[in-house]
Amino acid sequence: MDWGTELWDQYDILDKHTQSGLDLVEKYVKFVKERTEIEQNYAKQLRNLTKKYSPKRGSKEEQECRFSNHQAFLDVLNEMNDYAGQRELIAENMMINICIELTKYLQDLKQERKMHLSDAKKAQQSLEGTYKQLDNSKKRFEREWREAEKATHNAEKTDQDLNATKADVEKAKQQAHMRTHIAEECKNDYAAQLQKYNKEQNQFYFTDMPLIFNNLQDMDERRIKKMAQGYIQFSDTERQVMPIIAKCLEGITRAGTNVNERNDSVVLIEQHKSGFERPGDLEFEDYSQGINRASSDSSLGTPKGPLELLGKNKNKTFRLFNKKSKLPSSSLSPFSTPPTPSPANGPPSPKFGRDPLSYCLKEINKTVKPRISSFRTLKRTPVDTEGFTHLPPEQRRKRLQQKIDDISKELQKEMDQTEALGKMKDVYEKNPQMGDPASLAPQITQTAQNMERLRGDLNKYESWLAEAGGRGDSIRYSTHSLNNNGAHNPSSPGALSDDTDPSHAIYTEFDDDFEEEELAAPIGQCTALYNFPGSSDGTISMQEGEVLSVVEEDKGDGWTRVRRNNGDEGYIPTSYATITLNK
């Protein structure tokens with residue numbers, strides 16, 4: 001069945017139907033364009049989202065990517081970024097394969113439809129023109145035939161008229177014969193025009209218009225087929241990227257399965273492990289019996305409290321003592337009470353009143369707490385970052401080992417380059433036409449200098465590593481290896497025999513290192529408020545009103561390091577003196 005046979009008389013219907021098909025193509029193109037815009041906006045929002053939550057280069061979040069859960073989140077962001085790329089690919093393929101393709105095809109269909117309708121219109125106009133000629137010839141034949149009948153009737157009437165002359169009769173007959181001849185000619189013309197019209201009409205309804213309608217049918221069927229391909233392409237475009245999208249989703253799943261909570265804990269330990277021993281127990285100081293500093297000599301061997309261990313000295317090289325004096329054998333944590341003056345040399349009674357303990361607590365609030373609060377705002381002093389001495393022992397060993405590995409790699413590269421330059425020089429010497437051996441001299445010299453420098457750096461860092469792995473890291477906290485019962489742990493660093501005094505071993509070991517140390521310049525002066533016996537090891541005695549030079553200010557532990565004019569140095573309680581620092 002075809003349109004030319006079955007719908008030969010439905011020209012208007014076919015015109016509207018074909019136009020409706022073209023409108024559908026245009027509507028589908030607009031639909032796909034809006035879909036591509038949605039995909040592009042979706043992909044853009046996904047990329048902005050991943051960019052918003054991606055860590056900046058060198059930021060703290062980027063450094064935390066060594067943890068599996070942080071790395072997994074970074075993998076999720078990367079997969080989502082790839083997923084956004086696939087959405088962009090969908091939009092691009094839809095735009096190229098559907099929108100652009102159908103738009104071009106729609107223009108061709110419009111031109112083809114316009115041509116077919118134009119041919120139909122021309123055929124219709126040609127048939128109408130022939131019909132007008134037929135109608136004109138028919139009307140002329142009708143008119144001439146009436147005139148001929150009238151002329152014949154007049155001739156017969158004249159012939160029967162007795163009064164008419166022979167000339168009148170003859171003239172009437174000639175007129176009738178002429179009209180009859182003209183009417184016959186019009187009849188023949190009408191017959192010819194009728195035959196022509198019938199032929200053209202037959203050509204129009206059985207050949208021309210069926211052909212045009214069949215062409216329109218073929219055009220519409222091709223349009224429908226193209227639309228079906230567009231519908232399939234709409235689905236295939238997204239189906240083609242489904243494997244990659246599935247891989248992105250699998251990557252997100254794999255990132256989740258790769259998270260290892262135990263490994264993250266181990267990484268945190270390896271990253272921040274200091275290598276220090278835990279602090280020992282602090283001894284009880286009985287203020288009700290009066291303070292005898294000599295009876296608590298062993299308390300200074302303990303660390304100065306968790307605040308100092310965790311925060312204060314993590315970026316500062318620890319110095320126990322110098323040539324002139326040693327640390328006091330008892331110390332206070334930043335929150336502990338400074339020693340009370342002995343009764344023999346006690347401070348004036350107006351200041352203490354009846355309750356010496358209450359007075360000491362008030363002095364703590366006036367001196368120690370403000371120093372602790374102001375300590376947070378102090379500017380850090382420069383540290384030796386080259387040897388990583390500002391790091392805890394465990395971290396210092398790792399950084400030194402890493403530096404040694406990097407230097408070793410650079411040294412190996414320089415050695416390989418030296419070997420290559422040597423071979424090239426031999427080739428130049430054997431074959432002068434290939435090059436001048438002397439031209440390699442600057443490079444060989446520079447490589448040798450680089451190797452010498454790297455060897456020096458390597459020896460320097462290896463010596464630091466040996467120091468960090470041995471005495472250098474364990475001496476400071478060797479006394480912390482004491483257990484709760486006061487016994488030494490043989491397996492701990494710096495453990496000593498039972499008959500050896502721990503503090504004496506530490507001080508003896510450090511004495512040689514500080515034999516040649518120069519005296520530190522005073523940073524201020526202090527005036528003693530009370531008498532202090534200085535009976536503990538590392539302290540210095542003073543009398544009320546005595547003026548001393550301040551060598552090292554209170555670090556928050558309640559002790560200040562001072563020096564006499566004769567060079568004697570030691571520690572005094574900060575609350576026992578008024579201190580004035582140089583500006």
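I am working from a predicted model.

**Entry 1: aromatic pairs**

I began with the rings. A pair of aromatic rings is described by the distance of the centres and the angle of the planes. I counted 14 aromatic pairs. One of them joins Tyr 131 and Tyr 197, with 5.2 Å centre to centre and 55° between the planes, and I logged that pair as tilted. What does this pair tie together? I found Tyr 131 in helix H4, residues 68–160, and Tyr 197 in helix H5, residues 166–257. The pair therefore links parts that are 66 residues apart in sequence.

Next I checked accessibility. Tyr 131 is partly exposed, at 44% relative accessibility. Tyr 197 has a relative accessible area of 12%, so I put it down as buried.

Then I looked at Phe 204 and Tyr 205. Their ring centres are 4.8 Å apart. Their planes stand at 90°, which is why I call the pair edge-to-face; the cut-off for that label is over 60 degrees. Are these two residues buried or exposed? Phe 204 is buried, at 4% relative accessibility. Tyr 205 is partly exposed, with a relative accessible area of 31%.

**Entry 2: a cluster and a charge over a ring**

I noted one aromatic cluster formed by Tyr 28, Phe 31, Tyr 231 and Phe 234. I also looked for a charge over a ring. Lys 226 lies over the face of Tyr 105, and I read 5.5 Å from the ring centre.

**Entry 3: the sheet**

I turned to the strands. Strands of a sheet pair through backbone hydrogen bonds, either parallel or antiparallel. Which sense does this sheet use? The pairing is antiparallel. I recorded an open sheet of five strands in the order E4-E3-E2-E1-E5. Strand E4 (569–573) and strand E5 (577–581) are the edge strands, and each pairs on one side only.

Strand E2 covers residues 547–552 and strand E3 covers residues 559–563. They pair in the antiparallel sense over three bridges. Opposite Ser 549 I found Arg 563 in E3.

**Entry 4: H2 against H4**

Last, I went back to helix H4. How do the axes of H2 and H4 cross? Helix H2 spans residues 11–53, and its axis comes within 8 Å of that of H4. The crossing angle is roughly 165°. The cut-off is over 145 degrees, so I call H2 roughly antiparallel to H4. I noted the crossing of H2 past H4 as left-handed.

How values were computed:
Residues numbered from 1 in each chain as written. Predicted model: local features only at pLDDT ≥ 70, side-chain atom pairs only at ≥ 80, totals over all residues. Heavy atoms only, no water. Phe/Tyr/Trp six-rings, centres within 6.5 Å; stacked < 30°, edge-to-face > 60°. Helix = DSSP H or I, 4+ residues; strand = E, 2+ residues; numbered from the N terminus. Buried < 20%, exposed > 50% of the residue type's maximum accessible area, 1.4 Å probe, protein only. Lys NZ or Arg CZ within 6 Å of the ring centre and 35° of its normal. Pairing = 2+ DSSP bridges. Axes fitted to C-alpha atoms, helices over the stretch in contact; angles between N-to-C directions. Parallel < 35°, antiparallel > 145°, perpendicular 65-115°, else oblique. Left-handed = near helix turned anticlockwise from the far one by under 90°.
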